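User: I would like a short walk through this structure. Please keep the answers brief.

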Number of protein chains: 2
Amino acid sequence: MTEKISIQTSASSKNDQIAAENRDFFKKNGLLALNLISSAGSGKTSLLEAMAKKYGKSLAVITGDIQMTYDADRITQAGSLAVQIETHGTCHLTAAMIQDKLKEMDLKDVKLLVIENIGNLVCPSTYDLGEKFKIALVSTAEGDEKPIKYPALFLRASVVMVTKIDLMPYVNFNLERVKSDCLKLNPNARLMTTSCKTGEGLDEWYGYLEGLMA
Amino acid sequence: MTEKISIQTSASSKNDQIAAENRDFFKKNGLLALNLISSAGSGKTSLLEAMAKKYGKSLAVITGDIQMTYDADRITQAGSLAVQIETHGTCHLTAAMIQDKLKEMDLKDVKLLVIENIGNLVCPSTYDLGEKFKIALVSTAEGDEKPIKYPALFLRASVVMVTKIDLMPYVNFNLERVKSDCLKLNPNARLMTTSCKTGEGLDEWYGYLEGLMA
């Protein structure tokens, strides 16, 4: 047991050290770097497609996938640089994976770098990748209990985006409950609602990002 | 590297050994045991609530959660025995966790035992818990690319249930694509569509279960 804990602590502090190096790299290169986390199917890639259409070559995406280049292809087709990390079964990205990938990317025109983490609410929550902040996505179709069930993520997410808001009339989703649960976990969290289908809420998100990049 | 592989292999074969013990236990006690896997928010607990209303005390559920008894409470209120395994951050259930939990359960009246795994499509896929078969749930709101993105699960799932079929008119979900992708991965998979909101498809599911239990 002691041995297991010490191995985990050592892996965690190694990750934090590389995350600090990544953070330094982002700062030196004038990059706003975000870590996008949600369950599979919450709309991460749809949001990134919309952002790629808006920001083109000033956006780059590192997308984590178990295998296949499906997500990266969608973002590339929408106009931004997208590279993929295939984790081959590992359920989260690590700072070292990001550091390796950055070496092969041409970031000359890039101002905004989004890391699309592996789609689950558990494993990616506690790995710092060097990002400015974490964004948690929750779709209205997933249910409104996500913040209380996965506090490790919602404690750490500076932005919580409720996606697929267009489905609200057809699902049982209490938006006020989600807002209240998120703010209990993180009183400084910024809450947004969006729909990539109707475009609702995207202007606010873009405004927020542009404020941070200014 | 060699050491890492040997530790993993040893953990995996230890899990398989305990899974075999669980399988033996289920057989001796006349229990049909299922392993329910999906992304967070695909409707696992809603399906189990519906099943609890139908099967009452002949159904028992072991629900895996990172923390909190939210899912177990919903199932208990609907009429079945539900116990919880809090994994405290671990992203999947193991055969040993199930074996420990079985010791404290009164299974006298139980014929059907459903293990509700932790909500993600990655980590739970490769852990045998001793179940008769794995069921994968995919909601129509999640997107139709799940089988090709998470083949490790869909290769192993004997039943694939497309949930929230009532949302089909409002989402971009190609059911035929999902069926075809699932059958490419596992030609023997049984595909079902359900809605816990309208009740569509639940009779087929219950019929299937009752055939297996007969």
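User: Which strands of chain B does helix α2 (residues 44-55) lie across, and at what angle does the helix run to β4(B)?

Analyst: This is a predicted model, in which local features need pLDDT of at least 70, side-chain atom pairs count only at pLDDT 80 or more, and totals for chains, interfaces and linings use all residues. Residues are numbered from 1 along each chain as its sequence is written, chains are lettered from A and ligands numbered from 1 in the order written, and side-chain values use heavy atoms, without hydrogens and water. Helix α2 of chain B lies across β1, β2 (59-65), β4 (112-116), β5 and β6 (157-163). Its angle to β4(B), taken between N-to-C directions of lines fitted to C-alpha atoms (0 to 180 degrees; helices over the stretch in contact), is about 165 degrees.

User: In what order do the 7 strands of the open sheet in chain B run?

Analyst: The pairing is parallel; strands pair if DSSP finds at least two bridges between them. The edge strands, β3 (81-86) and β7 (190-193) of chain B, each pair on one side only. The order is β3-β2-β4-β1-β5-β6-β7.

User: How much area is buried between chain B and chain A?

Analyst: Buried area is the accessible area (1.4 Å probe) that two parts lose on being put together, summed over both. Carbon and sulfur atoms give 60% of it here. The total is about 2,500 Å².

User: Which residue of chain A meets B:Asp71 in a salt bridge?

Analyst: A salt bridge puts a side-chain nitrogen of Lys or Arg within 4 Å of a carboxyl oxygen of Asp or Glu. Between chain B and chain A the count is 4. At 2.7 Å, N to O, the partner of B:Asp71 is A:Lys149.

Conventions:
Helix = DSSP H or I, 4+ residues; strand = E, 2+ residues; numbered from the N terminus. Contact = heavy atoms within 4.5 Å.
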